[in-house]
Protein chains: 2
Amino acid sequence: MSEKSLNFFGDAENCPVRNVMDRFGDKWSTLVLLLLEDQGVMRFNELHKTIKSVSQKMLSVTLKSLEADGLILRKQYPEIPPRVEYRLSERGQSLIPHIQSLVAWANQHMPEIKKSRASYSS
Amino acid sequence: MSEKSLNFFGDAENCPVRNVMDRFGDKWSTLVLLLLEDQGVMRFNELHKTIKSVSQKMLSVTLKSLEADGLILRKQYPEIPPRVEYRLSERGQSLIPHIQSLVAWANQHMPEIKKSRASYSS
DNA sequence: TATCTTTGCTTACCAAAAGTTAGTTAATAA
DNA sequence: TTATTAACTAACTTTTGGTAAGCAAAGATA
C-alpha cells in the first residue's frame, strides 16, 4: 500500500475499500451468496424460507442487485405459477472464499470481541 | 458448511455472516483499519484529513466502536489542546489480511462489475 | 361458473438507523 | 484575542429496511 493507494482514502468514488463495502455492506447480499454457494440452485421461495428474517421486498431487491452485478444468475421458466431459479455465477463463485475467510475470522474472534464490548461500556 | 451452519441463516443473533456484516458493513470501519495498518500511529485530525469525506462525528463514532471491539488502541495525553493517538491492536492486525483479500478481489473485478451494472438496466 | 391457490414479485407507506452540519468546550501559547 | 485539538450535542436530512396489500395468469376445486 502507501503512496498511491492512500490517495484513494479521500476520494469516495475511486476508493477500492468503499467499492467493496458499498456493495457487500448491506444486510442480505453476503448471506444470499453463501447460501447459494451451499445449496447450488434455489428458487425465490426457498431462499425466503431459509433466510427467515428477510422480507420478500428485500430479498427481491438483493437478488436483483446481485444479478445486476453479475454475481448470480437468474433463470426464469415460462410457466404459471412462475418458476425462477437462482445460482452463483463464476464471478460470484470467485468471491466466496474471500467472504468465507472473513466469516472464519469472525467466528474465531467474536467471543472475545463481545467480551471487549461488554467491558467497554463500564 | 451445510447442515448445522444452515440453521444460522434464519437466526439473526447467532448467524456468523450477520456478525461480520453488522460490524464491518458500516461506512468507515474498514477504511480506518486499513489506514492505521498503513500508517501505524495516527492522531484524530490526521485521520480526518486523510479520509477527507468523513465527518468529525462519524469518525469519532467509528473510532469509538473499533476501540470498544478491541480492534484499535487509543492513547490520550492529558494536554490541552488534546492529543489522542490511535493504532491497531493485535486483534485488529489479525483482521487486516482478510479485508485486504476482499479489497484485492474487488479491485480485480470492479471494472467488469461496473460493466454488468451498466448493461443490466438497458 | 365462481372463486381459490400458487409463485414471484411490485407498490405505497412508515419507522428506524445512519449520516450531515453547525455550534460548543477547555487551557494555553502566540 | 485568537487559534489549537478532539471531541460532544442538537437539529435535520437521507438511506435503509420492514409491513401489508395487491397483482397476474392458469389450473384446481366446489
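**Helix packing, sheets and DNA contacts**

Author: In this predicted model, the axes of helix 3 (residues 29-39) of chain B and helix 5 of chain B come within 10 Å and cross at roughly 75°.

Reader: What makes helix 3 of chain B roughly perpendicular to helix 5 of chain B?

Author: Angles of 65 to 115 degrees count as roughly perpendicular. The crossing angle is roughly 75°, and therefore helix 3 of chain B is described as roughly perpendicular to helix 5 of chain B.

Reader: Which residues make the contact of helix 3 of chain B with helix 5 of chain B?

Author: Helix 3 of chain B brings Ser29(B), Val32(B) and Leu33(B), and helix 5 of chain B brings Leu59(B), Thr62(B), Leu63(B) and Leu66(B). By class, the contact has five nonpolar, two polar and no charged residues.

Reader: Why are helix 3 of chain A and helix 5 of chain A called roughly perpendicular?

Author: Helix 3 (residues 29-39) of chain A and helix 5 (residues 56-68) of chain A pack at about 75°, with their axes 10 Å apart. The range for roughly perpendicular is 65 to 115 degrees, and the two helices of chain A are therefore given that description. In this contact, Ser29(A), Val32(A) and Leu33(A) of helix 3 meet Leu59(A), Thr62(A), Leu63(A) and Leu66(A) of helix 5. The classes are five nonpolar, two polar and no charged residues.

Reader: What makes strand 1 and strand 2 of chain B edge strands?

Author: The open sheet of chain B has three strands in the order 1-3-2, with antiparallel pairing. Strand 1 (42-43) and strand 2 (72-77) of chain B each have a single partner strand, so one side of each is left without a neighbour in the sheet.

Reader: How do you know that strand 2 of chain B pairs with strand 3 of chain B?

Author: Pairing requires at least two bridges, and six bridges join strand 2 of chain B to strand 3 of chain B. The two strands run antiparallel. Within this pairing, Leu73(B) has Arg87(B) of strand 3 as its bridge partner. Helix 3 of chain B packs on the sheet and touches strand 1, strand 2 and strand 3 of chain B. The direction of helix 3 makes about 95° with that of strand 3 of chain B.

Reader: How do you know that strand 1 of chain A and strand 3 of chain A pair?

Author: At least two bridges are needed, and strand 1 and strand 3 of chain A pair in the antiparallel sense over two bridges. In strand 3 of chain A, Tyr86(A) is the bridge partner of Met42(A). Strand 2 (residues 72-77) and strand 3 of chain A pair in the antiparallel sense over six bridges, and one of the bridge pairs is Lys75(A) with Glu85(A). Strand 2 and strand 3 of chain A form a hairpin with five residues between them.

Reader: What makes the approach of Ser60(A) to DNA strand C a polar contact?

Author: A polar contact is a pair of N or O atoms within 3.5 Å. A polar side-chain atom of Ser60(A) lies 3.2 Å from a phosphate oxygen of DNA strand C. For Pro82(A), a backbone N or O atom lies 2.8 Å from a sugar or linking oxygen of DNA strand C. Helix 5 of chain A gives the most to the surface near DNA strand C, with four residues. By class, that surface has seven nonpolar, four polar and seven charged residues.

Reader: Which residues are the closest to DNA strand D?

Author: Among the 19 residues that surround DNA strand D, the closest are Lys57(A), Met58(A), Arg74(B), Pro82(B) and Tyr86(B). Of the atoms of DNA strand D within 4 Å of the protein, 71% belong to sugar and phosphate.

Technical notes. Residues are numbered from 1 along each chain as its sequence is written. Chains are lettered from A and ligands numbered from 1 in the order in which they are written. This is a predicted model: local features need pLDDT of at least 70, side-chain atom pairs count only at pLDDT 80 or more; totals for chains, interfaces and linings use all residues. Side-chain values use heavy atoms; hydrogens and water are left out. Axes are lines fitted to C-alpha atoms, for helices over the stretch in contact, and angles run from 0 to 180 degrees between N-to-C directions. Angles under 35 degrees count as roughly parallel, over 145 as roughly antiparallel, 65 to 115 as roughly perpendicular and the rest as oblique. Contact means heavy atoms within 4.5 Å. Ala, Val, Leu, Ile, Met, Phe, Trp, Tyr, Cys and Pro count as nonpolar, Asp, Glu, Lys and Arg as charged, and the others, Gly among them, as polar. A polar contact is a pair of N or O atoms within 3.5 Å; within protein, one must be able to donate a hydrogen and the other to accept it, and residues adjacent in sequence count only if both atoms are side-chain atoms. A residue is near a molecule or strand if one of its heavy atoms lies within 4 Å of it.
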